[in-house]
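Q: Can we go through this one together? I'd like to start with strand pairing.

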Amino acid sequence: MKLYFNDTLNFLSKLTPRRIWNAAQLVSSFYVTKWKKKPVQWGLPMTISVEPTTACNLRCPECPSGLRAFTRPTGNLKEDFFRETIDELYKDLLYLIFYFQGEPYINPNFLDMVKYANEKGIYTITSTNGHFLNDENARKTIESGLDRMIISVDGTTQEVYENYRKAGKLESVLQGARNVVKWKKKMNSKTPHLIFQFLVVRPNEHQIDDVYRLAEEIGIDEVKLKTAQVYDYKQGNELIPTIKKYARYSENEDGTWGVKNELLNHCWKLWHSCVITWDGMVVPCCFDKDADHRLGDLKTETFKELWHGPAYNSFRTSLLQGRDQIDICTNCTEGCKVWA
């Protein structure tokens with residue numbers, strides 16, 4: 001409980017009067033939009049995901065990066081572009097996620113960018129597959145001031161782990177986690193808050209209890225169980241768990257499968273957050289993995305211009321008219337509620 005308390009205090013320490021006011025504007029405009037049934041947008045996003053790279057060392061079967069299936073350009077986020085973007089947004093920005101597609105640690109300037117955001121008083125988080133957390137990178141991670149680290153551990157034995165994390169080595173991931181825990185202790189640091197994320201799929205669902213024991217043994221602060229997004233689900237899929245509460249999909253009476261959640265015609269994510277790709281394109285959310293719905297280009301316009309611009313307004317309008325008509329929304333289980 002103390003570990004959660006420390007993380008909460010750390011997050012609250014990032015609040016400023018301006019950031020609180022901006023968040024209040026975002027919440028207000030979201031509810032005014034629901035009332036008026038047309039988009040109203042006040043303030044600037046309080047949460048942004050940036051993409052350090054599209055490259056990845058693994059071959060996960062439901063990931064465009066792992067499948068090498070992108071149609072958009074691939075590359076690494078440039079540090080000078082990142083700094084310019086943060087300089088525009090940091091006064092209102094509370095929460096920065098260093099992840100979209102790819103493995104963040106492949107970008108050689110990743111931790112320098114984390115440090116820059118930390119110096120601006122932004123709460124920083126990343127998600128990693130854990131294969132690059134050697135002793136030096138573990139130390140540099142602590143020094144960067146990263147606030148939260150999610151490490152993907154989708155199995156507690158190599159045989160089960162590699163069912164999804166193709167080309168991955170579980171022992172490398174666990175040793176990387178141990179390295180970060182070691183340097184946290186050596187440097188007497190409360191950050192990053194360490195999370196083992198367990199993507200529940202059919203091949204690993206029997207190891208849920210084991211991952212909690214493993215996390216406690218290593219010294220990880222928290223375990224999060226995550227439901228898996230599956231692209232080809234309509235005829236069933238071998239990755240869909242048999243434990244229903246961990247499945248995003250349910251079987252219909254005719255034998256086909258569908259997404260369990262109701263598609264409400266509003267989405268909190270479109271009011272408080274967005275994703276910036278490595279090359280400066282702004283897209284609505286993390287479900288637009290191939291950046292098909294491009295709402296602006298930060299190489300040619302400011303963020304404020306595009307956030308309140310015609311492309312964003314048009315997308316928000318179409319969402320209010322029917323999320324079931326937007327491809328990236330039809331497989332979504334997130335974003336409908338404030339604070340989701």
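A: First the terms: two strands pair if DSSP finds at least two bridges between them, and helices (H or I, at least four residues) and strands (E, at least two) are DSSP runs numbered from the N terminus. This is a predicted model, where local features need pLDDT of at least 70, side-chain atom pairs count only at pLDDT 80 or more, and totals for chains, interfaces and linings use all residues. Residues are numbered from 1 along each chain as its sequence is written, and side-chain values use heavy atoms, with hydrogens and water left out.

Q: In what sense do S3 and S4 pair?
A: Parallel, over four bridges, with S4 covering residues 148–152. Thr128 stands opposite Ile151 in S4.

Q: And S2 with S3, over how many bridges?
A: Four, also in the parallel sense. There, Ile97 stands opposite Ile125.

Q: Is S3 mostly covered or exposed?
A: Mostly covered: six of its six residues, 123–128, are buried (under 20% relative accessible area; exposed is over 50%, partly exposed in between; 1.4 Å probe, protein chains only).

Q: Switching topic: how many salt bridges?
A: The structure holds 14, each a side-chain nitrogen of Lys or Arg within 4 Å of a carboxyl oxygen of Asp or Glu. One of them joins Lys14 and Asp147 at 3.7 Å, N to O. Those two lie 133 residues apart, Lys14 in the loop between H1 and H2 and Asp147 in the loop between H6 and S4.

Q: Are Lys14 and Asp147 buried or exposed?
A: Both are buried.
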